[in-house]
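Have the viewer open as you read.

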Amino acid sequence: MADEDGSFVDFEQIDFLRDRHVKFFQRCLQVLPERYSSLETSRLTIVFFALSGLDVLDALDVVNKPSLTEWIYSLQVLPTDDQSNLGRCGFRGSSHIGVPYSTKGPGCPHPFDSAHVAMTYTGLASLIILGDDLSRVNKQACLAGLKALQLEDGSFYAVPEGSENDMRFVYCAACICYMLNDWTGMDVKKAIDYIRRSMSYDNGIGQGAGLESHGGSTFCAIAALCLMGKLEEVFPKRELDRIRRWCIMRQQNGFHGRPNKPVDTCYSFWVGATLELLDVFRYTNFEKNRNYILSTQDRLVGGFAKWPDSHPDPLHAYFGICGLSLIGESNLRRVHPALNISDRALEHMQQLHRTWRDTLHCSSAICLKTS
Amino acid sequence: MTCFPLPEMTSKRRDWGDCSATTDLRFIAAATGETCEASSARSAPAVRFSPPRCPDWRRSPGRGWTRGRRKERRSRRWTASRRWASRSPSRGVTCFTVTDVFDYFRALLKKDEKSERALALTTEAIELNAANYTVWHYRRVLLQALQKDLREEMRYITAIIEDQPKNYQVWHHRRMVVEWLNDPSEELDFIAEILSQDNKNYHAWQHRQWVIQEYKLWDGELDYVEELLEEDVRNNSAWNQRHFVVSHTSGYSDPSVLEQEVQYTLKQIKKAPHNESAWNYLKGILQDRGLSSHPGLLEQVLELKETHCSPYLIAFLVDLYEDMLESMDGGQGQEEPLSKALVLCELLARETDTIRKEYWRYVARSLQTRFGSGDPSVPTVETEPQTTPASD
């Protein structure tokens, strides 16, 4: 087949193997090979990739929802009896610390047990995808745990014991507040300031001030601002146009994350979603993007890899599928480009928020009546 | 090919040092009963790892017993020489599983034990999973409680980072040790060594910027950047570092500095015209003052267009004309720069940057809307709707 330049493209297999990917994610939810053991402390993120991936594939029926829900709740770090650990509340990535299994409080005191911001984010998102009503989430504790992670410069640590701080965790924090529908968990002004200062001379956004602009951190920044509802307040049109230009220049066939770097499947989502949030994704070349993503598909085992002829992994499988969803691949659910969950899951979340609001109004009304 | 092997359990526990039963970690681990396997057995375990087979012990002549590797590692000098379990004549060959090490680790963690054996255990745990941030945190607690030699720790973390330079935890640990020692003297050389293996390693550059800013080590950094750009003028990280250094030292407000940077960049562009990084740098240092206000720049770029053209050059011209239009602020003479900009957008769409043809047409439409007079003689651009490719 001829492409627009008139040259002939090699015959590549460019069909999307839906069922292989469903099986790939199912296996991710069971056992991973030992070479993935470095993901031990972030197993919950793998669950998120698998669940959200299956959701986008419209294949959540293969999942044992009650069982997974219980497992996720067992990862919640709940307040102890004396509430002395509120700054450490949220979700863990796995049982790696060895705290006794429990899906309800009070929390078990342990000198080193604390939540991780990316696990709180993916834990909440996974529960929403599973259709849970978050009634067993201690929301105030999660927000207290989140507040404890924000630094003076507006960025966030991952854990209260301290860690590196960068745009990834700003995004996680924004997602947590958005899902819990409560922005008291962060100082929004400081976070916005951190984002502004992370914009590079070349109009992309780095992990922090002075750092090289990068597709991942650009997504984190723009998506966080969109979740806050502050995008246009923070960046006037001229700056948004500059960011658009930086992002759109990332397309080579698929997308790369930085100028003069090789393309990688996951940037089809990181940069693609950013372009969608900036309302210019439609001006990218869908065909070349699709062809690249599918060239990284593993036809035997399922999933996607960063490059062709490489081993697939849960992250690239998930973002490959999300990248295809952005271009409107048939039989894939649409993905919310800022929150990174399906439209179906988002709808469930919005319904939950409506229920919370109504409950709040009812209880205020009762208070007024009885006062 | 099977990617997902069934779990195999091998467990040969041994005494953990010369300790009595009450302090033997094996018994503590059993008493707490809270091993990973125990807790995960109680619920449908989501995402478990199959434990590895017992590590391959083999005897190397002259080195005694060493453990086989899961994958090739470059720098094992440190841990091989310090592995306390492996070379004990009276105890013979030792065999650990990952579960053993981490079961003991969990037991120590719960006790919050502060001892040499705890520190040694963190070394083992890190060897198995250097991404476990809890182990690193516990190690830092121990280093301080036991008042360990931090210079020794610097040597340790140097070896670990050499081996796993894309791990977040190891760089954070190094930063903590440097802060405790308040001694950055090894950092620039060390980071340069890491960058010599991968000159775009984001962690390395991040650590480098932190060290330079924290300890004011700006001297010589511009020279280092220029060395890297000599090796590879397309290294975007090096261009970024250039901006980092200049903006924090002389700044760009000094006109002679700005001109020097502009000329340096144009020189690099002549050497390698198809280089987005150089063009981004040129635009970046000039855009806030207005691309069209820099004297002689338009002429220099138009000259370059003849012999060193690229999509980035054409896009730069579009931006320059846009800036010209903005500074005219609706006054006279807008037709010429507008027409030039529109022609260039169409050139990009049709010829020089076809992958972004829809985008360049969108840019042209925006320019037309903002600066067009509605005069039918001014060229406008046809729009074609984007269609998603057929997919089965």
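How many residues of chain A are in contact with chain B, and how many of chain B with chain A? Counting heavy atoms within 4.5 Å as contact, 81 residues of chain A touch 73 residues of chain B. Before going on: this is a predicted model, where local features need pLDDT of at least 70, side-chain atom pairs count only at pLDDT 80 or more, and totals for chains, interfaces and linings use all residues. Residues are numbered from 1 along each chain as its sequence is written, chains are lettered from A and ligands numbered from 1 in the order written, and side-chain values use heavy atoms, leaving out hydrogens and water.

**The interface**

Buried area (accessible area, 1.4 Å probe, lost when two parts are put together, summed over both) comes to about 7400 Å² between chain A and chain B, with carbon and sulfur atoms giving 54%. On chain A's side, Tyr201(A), Arg245(A) and Tyr283(A) supply 12% of the area that chain A buries against chain B, more than any other three residues.

There are 4 salt bridges between the chains, a salt bridge being a side-chain nitrogen of Lys or Arg within 4 Å of a carboxyl oxygen of Asp or Glu. One of them pairs Arg250(A) with Glu276(B), whose closest N and O atoms are 2.6 Å apart.

The side of chain A that touches chain B draws two or more residues from each of several elements, among them H1 (18-28), H2 (43-56) and H10. H10(A) gives the largest share, 6 residues. By class, that side has 29 nonpolar, 26 polar and 26 charged residues.

**The cavities**

A cavity here is a set of points on a 1 Å grid over the protein atoms alone where a 1.4 Å probe fits but cannot get out; its lining residues have an atom within 4 Å of a point. The whole structure holds 4 cavities of 30 Å³ or more.

| Cavity | Volume | Lining residues |
|---|---|---|
| Largest | about 170 Å³ | 15 residues |

At least two lining residues come from each of H10 (237-248) of chain A and H14 (276-286) and H16 (311-328) of chain B. The lining divides into 6 nonpolar, 2 polar and 7 charged residues.

The lining of the second largest cavity has 9 nonpolar, 4 polar and 1 charged residues. H5(A) supplies its largest share, 3 residues.

Notes. 1 Å grid on protein atoms, 1.4 Å probe; cavity = no way out; pocket = protein on both sides within 12 Å on 5 of 7 lines; lining within 4 Å. Points joined across faces, edges and corners; volume = space filled by probe spheres on them. Helix = DSSP H or I, 4+ residues; strand = E, 2+ residues; numbered from the N terminus. Nonpolar A, V, L, I, M, F, W, Y, C, P; charged D, E, K, R; others polar.
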